[in-house]
Amino acid sequence: MHLGSVRVSTAIALLVLVGVAAAQPAASPKLVLSQSSWDFGQIWEEEAQNLVLTLKNEGGAELVITEVRTTCGCTVAQPEKRNLMPGESTTVKVHFDGRGKQGDVGSKVIITSNDPAQPETNFTIKGFVKRAVKRTPLGGLVIRTLDRSPGQTGAVRLENTLPEQMKLEVVSNSLPLVDIEIKEVAPGVAYDVVARTSKELKPGIVRGEVTVSTGLSREKTIGIPVRIQVLDKVEPVPAAILLRPNDKPVERTVSLQYYGSGGFQEFRVTEVKVSHPDLAKVTLGQTKAPETWMTQMKPPITATLDARVSLPEGAQIPAGGIRVEFVTNDPDVPTVEVIATTDKSVFEKRMYGTLAGAH
C-alpha cells in the first residue's frame, strides 16, 4: 500500500468520525429521584412523618433545580444544592403533618428543573390519618345564608372511633354572635355541635372557634373552626385584589355571583365605573348560567358574570386604591364595589371583613 493511500484512508476515517460525533445529540441533564412516591401508611392526627428524598443527575450535563414546591398537606425543605454536575446528588427533606386532617390524604412535591425530558417531576405522597374523633364536615361549622335574621344555624358532627365513651362539653366559644348547643345522636358515640346566630347580622364574614372537651384519652379537647358568611344577593369574588408595589401590570378576573330568583335570564350589569380610568380598564362579559357545583351550594348561585380587570404595575396604584363599581339592575343591590390595593389591611378588611357591625 502506498503512503499516499494510507493518508487518504486516514483522512476519510477522521471525517467519518467527526460526522458521527456531530450527529450525536448534545448531552443533557436528567433528574432521577430515589423513589417516585411515598406511602407513609397510617398515623394518628397528632403525629407527623418525615422522609429524605434524594435527587440525582444521571444525565451528561449540569442539572439546575429551579424550584421545589408542594401542594397542600406537607412541607418541604429546599435542596442542599441546586446545581448538580453529572453523577452528583442532593437531598430534600419532606415533612407530612397529620394535624387537622383525617382519612385518606394525598399531596405532591413538584420539582422544576432544566431536564428537557421532564421539566416538572412529581413526587406523590399518600397515607391515612386516623382520628379519635371524626369530624363531618372536616372544615368545621359553617353558617352560609342570605337571611340576616337571628336563628340561622350550622352544624358539625363529631363521631367517636375509640372503644371508650365520649362525652362532649363546650369549653369556650370565641364568637358572641352565636349560641352553641350539643345534640346527642348516639350516646357516647356521635354528637352534633350546632351553632345558631343570636342577633340580626349585616352582610360579611366572621371566623372563630368553639372548643369542646371529649373525655377521651386521645383528642381530649377539639377546636372546631366556625365561619359565618351572610351573603348579599350579588357577591363579588374576589371582593378585593392585592398587589405588591413591585408587581408588573396584571389582568385579574372578578366574578359576580348572583343569588336572586331571576337567575341569568334577568340579572344584568348596566354600567361599570372605575375611579381611575386612566390606570385601569374593565372588560365585561355576559351573564351566564352557573356551573353545576354552584347550583348545589346552599344557598345556590343562580347566575354569574365575569369581568376582566386590567391593572397597572403596583407602584402606580394610588394610596386609596383603584375602585371598580358595577351598577346592576337589581334594586336590592344597585351597586357592587371591588377594590385593587397595595394596602394589606384594606385588602383583608374587604376580603375577610367581620360582622362586627351587626345590629
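I count two strands as paired if DSSP finds at least two bridges between them, strands being DSSP runs of E with at least two residues and helices runs of H or I with at least four, numbered from the N terminus. The model is predicted, and so local features need pLDDT of at least 70 and side-chain atom pairs count only at pLDDT 80 or more, while totals for chains, interfaces and linings use all residues. Residues are numbered from 1 along each chain as its sequence is written, and side-chain values use heavy atoms, with hydrogens and water left out.

**Entry: the open sheet.** I looked at S19 and found three bridges joining it to strand S25 (residues 335-341), the two running parallel. At one of the positions I checked, Leu242 has Thr341 in S25 as its bridge partner. Four strands make up an open sheet of mixed pairing, in the order S19-S25-S24-S21. Strand S19 (240-242) and strand S21 (269-274) are its edges, each pairing on one side only.

**Entry: the whole chain.** I found three helices and 25 strands in the chain. The radius of gyration, taken over C-alpha atoms, is 30 Å, well over the 21 Å that the globule rule (2.2 Å times the number of residues to the power 0.38) gives for 359 residues, so the chain is more spread out than a compact globule. Along its principal axes the C-alpha trace spans about 110 × 65 × 40 Å.

**Entry: the cores.** I took a nonpolar core as a set of buried Ala, Val, Leu, Ile, Met, Phe, Trp, Tyr and Cys residues joined through side-chain atoms within 4.5 Å, where buried means under 20% relative accessible area with a 1.4 Å probe, protein chains only. The largest one has 26 residues, of which Ile224 and Ile228 touch the most other members. Strand S11 (141-145), strand S12 (153-160), strand S15 (190-197), S16 and strand S17 (221-230) each supply at least two residues of this core, and S17 gives the most, with five. Apart from this core lies another, of 23 residues, among them Phe40, Leu84, Val92 and Ile111.

**Entry: two single residues.** Leaving aside neighbours within four places in sequence, I noted that Ile224 is in contact (heavy atoms within 4.5 Å) with residues including Arg135, Leu141, Val156, Val193 and Val210. Val206 lies in strand S16 (residues 204-213) and is buried, with a relative accessible area of 10%.

Technical notes: Buried means under 20% relative accessible area, exposed over 50%, partly exposed in between (1.4 Å probe, protein chains only).
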